[in-house]
Amino acid sequence: MIRIVIADDHAIVREGLKRIVGDAQGLQVLGEAADGHEVMQRVRELEFDVLVLDLSMPGRSGMELIKLVKAEKPKLRILVLSMHQETQYAVRAIRSGASGYLTKESAPAQLEQALRKIAAGGAYISAEVAEQLALGAMPGGKAAAPHESLSDREFDVLRRLAAGESVTEIAAGLNLSVKTVSTHKANGMAKLGLQNQTELVRYALKHGLIELG
């Protein structure tokens, strides 16, 4: 039996995932979590095999949470479930310690397969993500893009800004102060050598960090 904990801040999403898992033989949902604090509670109080983790819950960012979970239970397998299609999110999640990355759009068709593969010790990622990881590991490989030097928080803040969110909206979404978000913005913009919002949006589109439409 593969024991699973589902972490997502939307109850309707958790219910949908539980239905998918419930229809599959050999899979059991052992617990749920609605935010980062509850995730750590479940990790400490339950014995399970795979954590299905939403990347965009309130509070700590998904990358930070992945690292915290792996520090507590290094052998626990993590499948990231995200609304973000962008490859950079998946690459960062895998480098942080996740074993797989699945978009919410593809979850109904691929969740069971991803859970079984990850629980068996494998990885579940797209060909594009695998290529990015391989290129980054190769000596003398493709030069890293400037945004790869950003911290996870800086990356998240700048991507949200480029997608049209205000500093106030980002602060509320990440459960941070406006001042902290502004600091991440300033540091990130400096690292990328960008002067204004227009340059940020242009950069984000060029590097596939956001999508049009």
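Visitor: Is the crossing in which helix 3 passes helix 4 right-handed or left-handed?
Guide: Helices are DSSP runs (H or I, at least four residues), as are strands (E, at least two), numbered from the N terminus. A crossing is left-handed if the near helix is turned anticlockwise from the far one by less than a right angle, and right-handed if clockwise. Where helix 3 passes helix 4, the crossing is right-handed.

Visitor: Which residues of helix 3 and helix 4 make that contact?
Guide: Contact means heavy atoms within 4.5 Å. From helix 4 come Y89, R92, A93 and S96, and from helix 3 come M63, I66, K67 and K70.

Visitor: What kind of model am I looking at?
Guide: Residues are numbered from 1 along each chain as its sequence is written, and side-chain values use heavy atoms, leaving out hydrogens and water. Local features need pLDDT of at least 70, side-chain atom pairs count only at pLDDT 80 or more, totals for chains, interfaces and linings use all residues, and the model is predicted.

Visitor: How are helix 3 and helix 4 oriented to each other?
Guide: Helix 3 covers residues 62-72 and helix 4 covers residues 87-96; their axes are 9 Å apart and the angle is about 20°. Axes are lines fitted to C-alpha atoms (for helices over the stretch in contact), with angles from 0 to 180 degrees between N-to-C directions. Angles under 35 degrees count as roughly parallel, over 145 as roughly antiparallel, 65 to 115 as roughly perpendicular and the rest as oblique. Helix 3 and helix 4 are therefore roughly parallel.

Visitor: Where does S96 lie, and is S96 buried or exposed?
Guide: S96 lies in helix 4, and S96 touches M63, I66, K67, K70 and D152, not counting residues up to four places away in sequence. Buried means under 20% relative accessible area, exposed over 50%, partly exposed in between (1.4 Å probe, protein chains only).

Visitor: How far apart in space are S96 and G62?
Guide: In sequence, S96 and G62 are 34 residues apart. In space, their C-alpha to C-alpha distance is 9.3 Å.

Visitor: How are helix 4 and helix 7 oriented to each other?
Guide: The axes of helix 4 and helix 7 lie 12 Å apart, at an angle of about 160°. The crossing of helix 4 and helix 7 is left-handed. The contact joins Q88, Y89, R92 and S96 of helix 4 to D152, F155, D156 and R159 of helix 7. By angle, helix 4 and helix 7 are therefore roughly antiparallel.

Visitor: Why is helix 7 described as largely enclosed by the rest of the structure?
Guide: The buried residues of helix 7 pack against helix 3, helix 4, helix 8 (167-174), helix 9 (178-192) and helix 10 (197-206). Among the buried residues of helix 7 are F155, V157, L158 and L161, and charged ones such as D152 and R153 are buried too. Helix 7 (residues 152-162) is largely enclosed because its buried residues number 11 of 11.

Visitor: Which residues does H147 touch?
Guide: H147 sits in the loop between helix 6 (127-137) and helix 7. H147 is buried, at a relative accessible area of 3%. Leaving aside residues up to four places away in sequence, H147 touches Q88, R92, F155, L192, Y203, H207 and L209.

Visitor: Which residues of the largest nonpolar core touch the most other members?
Guide: A nonpolar core is a set of buried Ala, Val, Leu, Ile, Met, Phe, Trp, Tyr and Cys residues joined through side-chain atoms within 4.5 Å. The largest one has 47 residues, and apart from it lies another core of 18 residues, including L17 and I118. In the largest core, the residues touching the most other members are V39, L51, L53, V69, I78 and V80.

Visitor: What is the relative accessible area of A98?
Guide: A98 is placed in the loop between helix 4 and strand 5 (100-103). Not counting residues up to four places away in sequence, A98 touches I66, I78, V80 and A93. A98 is buried, with a relative accessible area of 7%.

Visitor: How do the residues in the contact of helix 1 with helix 5 divide by class?
Guide: The axes of helix 1 (residues 11-22) and helix 5 (residues 107-119) come within 10 Å and cross at roughly 55°, so the two helices are oblique to each other. L17, I20 and V21 of helix 1 meet A107, P108, L111 and L115 of helix 5. Ala, Val, Leu, Ile, Met, Phe, Trp, Tyr, Cys and Pro count as nonpolar, Asp, Glu, Lys and Arg as charged, and the others, Gly among them, as polar. The contact of helix 1 with helix 5 has no charged, no polar and seven nonpolar residues.
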